[in-house]
Amino acid sequence: MIGVGKIKQYTNVLDKPLTKGKQEVSLSAFAFLFSELVQYNQTQVDNIGELERRLEDAGYAVGARVLELLCHRDKGNRRETRLLGILSFVHSTVWKVLFGKVADSLEKGTEHEDEYMISEKELLVNRFISIPKDMGTFNCGAFVAGIVRGVLDGAGFPAVVTAHFVPVEGQQRPRTTILIKFAEEVLHREARLG
């Protein structure tokens, strides 16, 4: 009866299976790490646009890895092939894994056929950030825009993804909107599949 009822011990973290485990990270640890990321990059750049680009690049790497992990874990290595499917995947599954809840809204742009928006009343990366007046319209949501772009590119849906503040009447803080503008090839492919 040796070993009955014992849990298999792994000698290395790389030997552990990728099954669903505890998916929570301490909010204070994340806030500290993210603040350090912003501060470090702020010392390396000359302007706000470059800082947002660096945060987006950091987010892109995260998004590519999140896509691989979620496709392996939840979908049995199956990926979305339709535009609305991938948008729903980002809006619900990816958002829930990263932020613990589904995004507040997913909308199609009214002016352009290739634009979609994911809106969040209080995006986690902007929650504890106070932006100095000299930094103007700096938006830490660029990091999340990079994550979304990384997921979309990895899934074969190239897009330009940007983060914007949108004022809300009656609220002190604006909501954050992640604007997704898909490449023309994505729309042509979607029309063929239609």
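Guide: A residue is called buried when its relative accessible area is under 20%, exposed when over 50%, and partly exposed in between, using a 1.4 Å probe and protein chains only. The model here is predicted, with local features needing pLDDT of at least 70 and side-chain atom pairs counting only at pLDDT 80 or more, while totals for chains, interfaces and linings use all residues. Residues are numbered from 1 along each chain as its sequence is written, and side-chain values use heavy atoms, leaving out hydrogens and water.

Visitor: Is Lys 108 buried, partly exposed or exposed?

Guide: Lys 108 is partly exposed, at 36% relative accessibility. A salt bridge (a side-chain nitrogen of Lys or Arg within 4 Å of a carboxyl oxygen of Asp or Glu) joins Lys 108 to Glu 113, with 3.4 Å from N to O, and Glu 113 is exposed at 58%.

Visitor: How many salt bridges does a search of the whole structure find, and which parts of the chain does the pair of Glu 56 and Arg 149 link?

Guide: The search finds 11. Glu 56 and Arg 149 form one in which the closest N and O atoms are 2.8 Å apart, and this pair links distant parts of the chain, with Glu 56 in helix H2 and Arg 149 in helix H5 (residues 142-154), 93 residues apart. Helices (H or I, at least four residues) and strands (E, at least two) are DSSP runs, numbered from the N terminus. Glu 56 is buried, at 17% relative accessible area, and Arg 149 is buried too, at 18%. Both belong to a network of salt bridges that also includes Arg 53, Asp 57 and Asp 153.

Visitor: At what angle do H2 and H3 pack?

Guide: Axes are lines fitted to C-alpha atoms, for helices over the stretch in contact, and angles run from 0 to 180 degrees between N-to-C directions. Under 35 degrees counts as roughly parallel, over 145 as roughly antiparallel, 65 to 115 as roughly perpendicular and the rest as oblique. Helix H2 (residues 48-74) and helix H3 (residues 83-99) pack at about 95°, with axes 11 Å apart, and are therefore roughly perpendicular to each other.

Visitor: Which residues of H2 meet H3?

Guide: With contact taken as heavy atoms within 4.5 Å, Val 66, Leu 67, Leu 70 and Asp 74 of H2 meet residues of H3 including Phe 89 and Leu 98.
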